[in-house]
Amino acid sequence: MGFKKPIKKKSTFKYWIGQLHLWLGLISGLFVLFLGLTGCILAFQREIEDAVQTYRFTETQNKPLLAPTQLKAIADKALPNKHAHSVTYQPGRTTQVVYYDLVADYYYIVFVNQYTGKVLKVKNMDEDFFRIIIMGHYYLWLPPEIGQPILTTATMMFVFLLISGLVLWWPKSKAARKQRFTVKLKSKWRRLNYDLHNVLGFYITFIAIFIGLTGMVMGFQWFAKSVYWVSSGGKTMTEWEETYSDTTSLTKLSTNAAAADLLWAKFLKEDPKFKGSLDVHVPEDEKGAVEIAKNPDPNTYWKADYRYFDQHTLKEIEVKHQFGKFANATVADKIIRMNYDIHVGAIAGLPGKIIAFIASLIAASMPVTGVIIWIGRKKKKRAKISPATAIQPQFQ
């Protein structure tokens with residue numbers, strides 16, 4: 001009797017894990033399918049845009065660049081009654097003047113030739129294909145306060161499904177391992193479907209877990225703060241907040257040149273051979289600070305150096321949140337900064353994006369193959385109970 005007891009506990013544990021795996025899978029299945037497919041579409045967004053949108057590129061020329069405020073003034077004429085959020089420079093690419101406002105609810109990008117001032121494209125991002133997919137992937141095309149919790153909860157369920165699936169599937173012996181780590185392509189379709197669900201699910205488990213956890217960081221503030229708390233050794237994450245210039249300062253610039261232009265020129269002079277992107281945020285009013293983001297690798301975001309300056313004195317303003325100087329970023333800050341790049345696979349370059357694409361595709365297939373397995377088992381149980389067997393207990 002003492003030998004049977006732990007076996008019973010183990011089977012009971014697996015039974016309840018199996019029940020949770022089944023019902024959480026049925027509840028979250030459609031959302032996981034949706035997130036997987038939209039994730040596949042977004043995996044190579046930048047590469048596709050660069051291939052089909054020629055206005056994104058302007059050859060580097062031996063001519064002076066137009067200053068941020070000059071480009072902003074040109075873009076303002078092409079897009080009146082909007083406030084420019086930033087001006088982005090990158091060698092070989094057309095300068096982008098971004099117009100973004102959460103309250104007024106608009107998002108435009110004006111592509112301006114940084115040498116001639118010619119407007120190449122005014123793009124309403126609300127009509128952009130990838131932007132539409134992103135809004136679905138993040139919010140299910142619902143208000144953020146409704147759509148984001150729904151999708152993030154489904155993502156949390158998916159992470160549990162990956163772990164529970166591993167527990168249920170893991171082979172007990174070496175002989176079983178040899179069979180379970182390969183997809184038997186020549187087997188019957190039910191067996192093939194089973195292998196596609198379990199074997200492929202195993203191979204993408206650890207990648208998909210990272211994709212899911214990073215999605216939860218973006219979707220749940222409490223989870224992001226928990227990740228920061230653990231990775232920092234118990235420190236509280238500092239919330240991002242707007243940085244302001246000192247409007248009470250008696251010291252004012254003695255030149256008429258805009259502070260954003262002066263700081264931009266200073267950054268260019270300090271590193272004239274810089275090949276990354278330079279993002280200049282022009283203040284909207286006298287309270288705003290000038291923000292300059294210098295990113296050595298525009299294919300990712302986590303290495304960017306975010307600097308803030310008083311527009312009246314050009315004095316640098318130190319910030320305490322994680323989006324400040326890269327040199328001041330702690331390990332926990334860098335983990336939060338890396339989150340998006342890990343989520344899309346960009347942290348590992350093109351190979352990482354390919355891996356993220358494959359993992360998203362397999363993740364999208366798992367609810368489908370899982371439902372087929374469930375339906376097959378229900379039919380199998382019904383077949384075992386024949387009419388004669390069903391009425392037999394009445395005569396016992």
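In the predicted model, N113 is placed in the loop between strand 3 (106-112) and strand 4 (119-124). With a relative accessibility of 11%, N113 falls under the 20% limit and therefore counts as buried. A polar atom of the N113 side chain lies 3.1 Å from the backbone nitrogen of T116. Beyond its neighbours within four places in sequence, N113 is in contact with T58, L66, L71, T94, K118 and L120.

Most residues other than glycine have a negative phi. D105, in the loop between strand 2 (95-101) and strand 3, has instead a positive phi, near 60°. The relative accessibility of D105 is 60%, so this residue counts as exposed. L314 is found in the loop between strand 7 (305-309) and strand 8 (316-317), and its phi is likewise positive, near 65°. L314 is partly exposed, with a relative accessible area of 27%.

Aromatic side chains were examined next. The whole structure contains 17 aromatic pairs. One of them is formed by F267 and F309, whose arrangement is edge-to-face, with 6.1 Å from centre to centre and 90° between the planes. This pair links distant parts of the chain, as F267 belongs to helix 9 (residues 259-270) and F309 to strand 7, 42 residues apart. F267 is buried at 5% relative accessibility, and F309 is buried with a relative accessible area of 4%.

In a second pair, the ring centres of W302 and F326 are 5.7 Å apart and the planes stand at 65°, so this pair is edge-to-face. W302 lies in the loop between strand 6 (290-295) and strand 7, and F326 in the loop between strand 8 and helix 10; the pair therefore ties together parts that are 24 residues apart in sequence. W302 counts as buried, at 16% relative accessibility, whereas F326 counts as partly exposed, at 23%.

Helix 8 (residues 221-231) and helix 10 (residues 331-344) pack at an angle of about 145°, with axes 8 Å apart, and helix 8 passes helix 10 in a right-handed crossing. At this contact, A224, V227, Y228 and S231 of helix 8 meet A332, D333, I335 and I336 of helix 10. The residues of the contact comprise 6 nonpolar, 1 polar and 1 charged.

How values were computed:
Residues are numbered from 1 along each chain as its sequence is written. This is a predicted model: local features need pLDDT of at least 70, side-chain atom pairs count only at pLDDT 80 or more; totals for chains, interfaces and linings use all residues. Side-chain values use heavy atoms; hydrogens and water are left out. Axes are lines fitted to C-alpha atoms, for helices over the stretch in contact, and angles run from 0 to 180 degrees between N-to-C directions. Helices (H or I, at least four residues) and strands (E, at least two) are DSSP runs, numbered from the N terminus. A crossing is left-handed if the near helix is turned anticlockwise from the far one by less than a right angle, and right-handed if clockwise. Contact means heavy atoms within 4.5 Å. Ala, Val, Leu, Ile, Met, Phe, Trp, Tyr, Cys and Pro count as nonpolar, Asp, Glu, Lys and Arg as charged, and the others, Gly among them, as polar. Buried means under 20% relative accessible area, exposed over 50%, partly exposed in between (1.4 Å probe, protein chains only). A polar contact is a pair of N or O atoms within 3.5 Å; within protein, one must be able to donate a hydrogen and the other to accept it, and residues adjacent in sequence count only if both atoms are side-chain atoms. Rings of Phe, Tyr and Trp (its six-membered ring) pair if their centres lie within 6.5 Å; planes under 30 degrees apart count as stacked, over 60 as edge-to-face and the rest as tilted.
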